[in-house]
Structure formats: C-alpha cells, structure tokens
Amino acid sequence: MSKVYIFLADGFEVTEAIATLDVIRRGGIEARTVSVQNKSKVTGSHGLTVLADTVMDEVIGNVGTDDVLVFPGGMPGSKTLAADKKLVKMMLSHYSGGGAVAAICAAPGLVLSQLPDIAGKKMTCFDGFEEPLIAKGAEYVKVPAVKDGNIITGRGAGCAIDFGLEIVNHISGPETVKKVRVGMMI
C-alpha cells in the first residue's frame with residue numbers, strides 16, 4: 001500500500017503541510033511528516049511548532065516506488081529542503097525509479113526544478129517561483145493543483161486542499177476523492 005511522506009524544515013508553510021496531511025489521511029492513506037533536521041520539533045513560517053512523526057534518517061532507504069514524496073512551501077523551509085543533499089538525492093532516485101513527487105507553493109520551483117525530464121510537464125507554483133520550471137521546459141499553468149504523470153504541484157496555501165485531493169486521486173482514485181470531498185463538505 002502506498003504511503004506519503006511530507007518533508008518539513010523550519011519555516012515550512014503550515015497550511016500547505018497540515019491541510020495536505022489531513023486530506024490524505026481522510027482518504028485512508030498512511031501519511032507521515034518527516035523532519036529533515038534530525039529533531040522532532042519543526043517550526044512553521046508563522047511560528048506554529050509541530051511534532052514530526054519521524055526524522056529523515058529513519059526514512060532513507062525505506063521509501064517504496066508506490067510512495068509519494070511531498071514538499072510543502074514556505075520560507076525558508078523550501079530553501080532548506082532544496083539544499084538538503086540527502087533529500088534531493090533520495091527524491092531524484094525515487095522519481096527516476098518511477099515514484100511520484102508532489103510540491104506546493106515555492107517548493108515546485110526550488111525543489112522539483114532539480115528533477116530531470118520535466119520539459120513539457122504541466123506544473124504550477126506560487127507566483128514568482130515559476131522561472132526555474134520554465135527554464136527547464138515545464139509548462140507553467142495557473143491552476144490550484146495539477147498532476148502530470150508522477151508530478152503533482154499546487155499553487156499555495158489556499159490551494160492545499162485541492163493539492164491534497166490530487167495526491168489522494170493519484171493513490172486511490174476518484175471514488176476516494178469523492179468520499180473525502182463529501183466528508184469535508186466541499
């Protein structure tokens with residue numbers, strides 16, 4: 001069964017991480033937050049501190065091809081994720097092996113722009129972070145969330161539920177999405 005790993009660094013956008021996590025868990029999918037800083041407490045960009053389910057060292061080597069790696073935005077959280085060599089190496093290996101990756105807000109431009117072969121892929125992100133995607137040939141679209149192959153992207157905090165639903169759809173399909181939408185009254 002597919003799992004979802006949501007990677008957190010100090011300065012992450014709380015809504016993008018927690019709303020996405022909530023939607024995925026409502027879909028009956030196992031999802032875990034992962035601190036990349038080898039400490040359980042991670043503080044969001046607006047001062048909210050959360051306790052991550054696990055740390056990066058416990059995840060490396062345990063990610064399956066059917067799993068989804070998720071990168072929320074927020075500053076400086078997205079920059080920290082993009083600069084984490086172990087995380088980027090794992091992401092590149094996961095993606096090149098057929099695994100799915102998902103990012104929202106600044107993270108598509110900072111983290112997913114490091115992926116090979118994104119030319120022609122439809123991707124979205126927070127306005128102002130699209131240049132690295134466009135430079136690699138991605139098609140930038142201004143929609144709340146978009147899935148193209150094994151890449152799922154979202155625009156920002158206000159689009160976190162749509163982003164989470166795209167991840168649920170990728171793993172469990174439209175019937176599960178429908179049930180989650182009904183349960184959330186959306």
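T20 is located in helix 1, which spans residues 14-26, where helices (H or I, at least four residues) and strands (E, at least two) are DSSP runs numbered from the N terminus. The structure is a predicted model, in which local features require pLDDT of at least 70 and side-chain atom pairs are counted only at pLDDT 80 or more, whereas totals for chains, interfaces and linings use all residues. Residues are numbered from 1 along each chain as its sequence is written, and side-chain values rest on heavy atoms, with hydrogens and water left out. The relative accessible area of T20 is 0%, so T20 is buried (under 20% relative accessible area, with exposed meaning over 50% and partly exposed in between; 1.4 Å probe, protein chains only). When neighbours within four places in sequence are set aside, T20 is in contact with I6, T15, A160, F163, G164 and I167, contact meaning heavy atoms within 4.5 Å.

Helix 7 (residues 160-172) and helix 8 (residues 174-184) have axes that come within 7 Å and cross at roughly 145 degrees; the axes are lines fitted to C-alpha atoms over the stretch in contact, and angles run from 0 to 180 degrees between N-to-C directions. This crossing of helix 7 and helix 8 is right-handed, a term applied if the near helix is turned clockwise from the far one by less than a right angle, and left-handed if anticlockwise. On the side of helix 7, I161, L165, V168, N169 and S172 take part, and they meet P174, T176, V177, V180, R181 and M184 of helix 8.

The aromatic pair count comes to 1, rings of Phe, Tyr and Trp (its six-membered ring) being paired if their centres lie within 6.5 Å, with planes under 30 degrees apart counted as stacked, over 60 as edge-to-face and the rest as tilted. The ring centres of F7 and F71 are 5.5 Å apart and their planes lie at 15 degrees, so the pair is stacked. Distant parts of the chain are linked by this pair, since F7 belongs to strand 1 (residues 3-8) and F71 to strand 6 (residues 68-71), 64 residues apart. F7 is buried at a relative accessible area of 0%, and F71 is likewise buried at 0%.

A search of the whole structure finds 0 disulfides, a disulfide being a pair of cysteine sulfur atoms within 2.5 Å. For C125, which is in no disulfide, the nearest cysteine sulfur is that of C105, 8.3 Å away; C125 counts as buried at 0% relative accessibility.
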